[in-house]
Amino acid sequence: MTGPTGGGPGTEERRGLEEAERVELTVGAVAPGGHCVARVDGQVVFVRHALPGERVIAEVTELHKGFARADAVEILTASPDRVEQPCPWAKPGRCGGCDLQHVTPAAQLDWKTAVVREQLTRLGGLTDAEVDALGVAVEALPGGPLGWRSRVRYAVDAAGRAGLLKHRSHEVVPIDWCRIAHPAIRELPVLTPSGARWPDAEAVETVASTGGDVSVAAVTEGVATGVSGPQTVREVAAGRDWTLPAAGFWQVHPAAADTLVGAVLDLLDPRPGESAWDLYGGAGLFAAALAGRVGPQARITLVESSAPGVAAARENLADLPRVEVVAARVETALARRRVTGPVDLVVLDPPRSGAGAPVVRDVVAARPRAVAYVACDPAAFARDVRTFAGLGWRLAALRGYDLFPMTQHVELVGLLLPPAR
């Protein structure tokens, strides 16, 4: 093990880090991706399984130009926010699904809030005062930090054993059971300790819906095939029942859909008769919620590129004849004027990569009175906020939700408003 380093006064020059080397270091601030930042002789090291202020022994796992990655394998001085992981697999070299099991639930919310603030200032161009004015804080959802995940995709190794992947690896870790999985999923005979083997599958997808359906499907060459349970499942959200394929997209936290709908409606405050766009609309969750507020005569346009999503939207919104479902990529639909303004309200719920500058420019050009932006990646959201700001718009309100406890992921709902007219 290399002795204490840190680049302070009296520290001798040393060679660069080597993979699998162990170093003693002091952990700094949190960073996106479930890491904290440390430095060894000026070299940046992103450390997992650590907390700010801790003194740890870290094992180098990856070397890159300008930085390294490492796991904290021994804690010399622990943070008061450290707890024993409830899962024995959430440790260095084991399952990479959970990033923050070593952190108290309250400190996990602070961790995610700090990441959101940092991204808004560094990538979004907001000042600390502007972020303070937004009152950024990540809120917990009901149900606690364990047993919430209603959709789990297990990987399958060459021996046909189902498990979860190591961090930044394709290596499958055969676990006993997943602590964040919904209780109905934990009871399924999917994992190897139950004797299950999946010799012809590359993955196994499991679902426990809010409507009470439980389904298992093997995935071979990217295609899910029914193994047990229904092929379509029922979800309950926004005062409606939803039917969609078991492998279709739906929020994985049971309380997520209603939480996000509530935030979007509260921030947009839809008024009777207003028109709306639901971009990246999926099965139509936000379109249906908006329809309930703007009334039966108002026009709502949903744009979705995924064929299963389009089919689910058309089926689930069939009772709302003023909702039009457009099957297209959002950027294509806007650029080719398959969706045209003016429009009063826009919901943006893009994938992790964000909406992007072309979509933001086209949305602004339609002159809505407000945009609700639902984001699953703070960095992409911050970049799009900066694009909106360059066009004169401002981030007027922001809410953060811990839809993914024990992981580094966070969900945001922002309200963007145009310049005063």
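At 17% relative accessibility, Cys376 counts as buried (under 20% relative accessible area, with exposed over 50% and partly exposed in between, using a 1.4 Å probe and protein chains only). The model is predicted, so local features need pLDDT of at least 70 and side-chain atom pairs count only at pLDDT 80 or more, while totals for chains, interfaces and linings use all residues. Residues are numbered from 1 along each chain as its sequence is written, and side-chain values use heavy atoms, with hydrogens and water left out.

**Cys376**
- Cys376 is found in the loop between strand 20 (370-375) and helix 9; helices (H or I, at least four residues) and strands (E, at least two) are DSSP runs numbered from the N terminus.
- Not counting residues up to four places away in sequence, Cys376 touches Pro351, Arg352, Val410 and Glu411, where contact means heavy atoms within 4.5 Å.
- From C-alpha to C-alpha, Cys376 and Gly400 are 9.9 Å apart in space and 24 residues apart in sequence.

**Helix 8 and helix 9**
- Two packed helices are described by the angle between their axes and the distance between the axes.
- The axes of helix 8 (residues 357-365) and helix 9 (residues 378-390) come within 10 Å and cross at roughly 40°; axes are lines fitted to C-alpha atoms, for helices over the stretch in contact, and angles run from 0 to 180 degrees between N-to-C directions.
- That makes helix 8 oblique to helix 9, because angles under 35 degrees count as roughly parallel, over 145 as roughly antiparallel, 65 to 115 as roughly perpendicular and the rest as oblique.
- On the helix 8 side, Ala357, Val360 and Val364 meet Asp384, Thr387 and Phe388 of helix 9.
- By class, this contact of helix 8 with helix 9 has 4 nonpolar, 1 polar and 1 charged residues (Ala, Val, Leu, Ile, Met, Phe, Trp, Tyr, Cys and Pro count as nonpolar, Asp, Glu, Lys and Arg as charged, and the others, Gly among them, as polar).

**Ala298**
- Ala298 lies in the loop between helix 5 (285-294) and strand 17 (300-304).
- Ala298 has 5% relative accessibility and therefore counts as buried.
- Leaving aside neighbours within four places in sequence, Ala298 is in contact with Gly273, Glu274 and Arg322.
- Ala298 and Arg161 are 137 residues apart in sequence and 52 Å apart in space, C-alpha to C-alpha.

**The whole chain**
- The protein chain has 9 helices and 22 strands.
- Of its 421 residues, 53% are buried.
- The C-alpha trace of the protein chain spans about 70 × 55 × 35 Å along its principal axes.
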